[in-house]
Amino acid sequence: MISFVVGALLIALLIPLNDLILLLAKKNPKITMGIGLGMIAVDMIITLIYGFLLKNEVADNKLFIAGLLLAIFYAMIDKIKKFLKADK
């Protein structure tokens, strides 16, 4: 169960980075067309680094990956909510 929580803690990195990218897009409207791709690319890089650094430190790799997937899923839901709010 600890492995799952360690994987899910990735959300603590993804949400602030996505907020930072969204803030940069609001400051510079010319880059708004690439914001979705930028968020996905940053999320992918952070997830891969986090996963590779901690895969040998956790007890159960399957639970760790499940936690990572939960964090990615929650980050996507958060992005969608922020995009819809920014659209209004």
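Contact is taken here to mean heavy atoms within 4.5 Å. The model under discussion is predicted.

On that criterion, helix α2 contributes Leu13, Leu14, Leu17, Asn18, Ile21, Leu22 and Ala25. These residues meet Ile35, Gly38, Met39, Val42, Asp43, Ile46, Thr47 and Tyr50 of helix α3. Eleven residues of this contact between α2 and α3 are nonpolar, three are polar and one is charged.

The geometry of the pair may be considered next. Helix α2 spans residues 11–27 and helix α3 spans residues 35–54; their axes come within 10 Å and cross at roughly 155 degrees. Because angles over 145 degrees count as roughly antiparallel, α2 is described as roughly antiparallel to α3. The crossing of these two helices is right-handed.

Attention now turns to charged side chains. Side chains of opposite charge can pair when their charged atoms come close. How many salt bridges does a search of the whole structure find? The search returns three.

One of them involves Asp43, a residue that also takes part in the contact of α3 with α2. Asp43 forms a salt bridge with Lys79, with 2.4 Å between the closest N and O atoms. Since Asp43 belongs to helix α3 and Lys79 to helix α4, the pair ties together parts that lie 36 residues apart in sequence. Are these two partners buried or exposed? Both Lys79 and Asp43 are buried.

A further salt bridge is formed by the side chains of Asp19 and Lys82, at an N to O distance of 2.0 Å. This pair links distant parts of the chain, with Asp19 in helix α2 and Lys82 in helix α4 (residues 61–87), 63 residues apart. Asp19 has a relative accessible area of 31% and is therefore partly exposed. Lys82, at 21% relative accessibility, likewise counts as partly exposed, because buried means under 20% relative accessible area.

Lys82 has another partner in Asp78, and their side chains meet at 2.8 Å, N to O. These two residues stand four apart in helix α4, so about one helical turn separates them. Asp78 has a relative accessible area of 12% and is therefore buried.

Note on methods: Residues are numbered from 1 along each chain as its sequence is written. This is a predicted model: local features need pLDDT of at least 70, side-chain atom pairs count only at pLDDT 80 or more; totals for chains, interfaces and linings use all residues. Side-chain values use heavy atoms; hydrogens and water are left out. Axes are lines fitted to C-alpha atoms, for helices over the stretch in contact, and angles run from 0 to 180 degrees between N-to-C directions. Angles under 35 degrees count as roughly parallel, over 145 as roughly antiparallel, 65 to 115 as roughly perpendicular and the rest as oblique. A crossing is left-handed if the near helix is turned anticlockwise from the far one by less than a right angle, and right-handed if clockwise. Ala, Val, Leu, Ile, Met, Phe, Trp, Tyr, Cys and Pro count as nonpolar, Asp, Glu, Lys and Arg as charged, and the others, Gly among them, as polar. A salt bridge is a side-chain nitrogen of Lys or Arg within 4 Å of a carboxyl oxygen of Asp or Glu. Buried means under 20% relative accessible area, exposed over 50%, partly exposed in between (1.4 Å probe, protein chains only).
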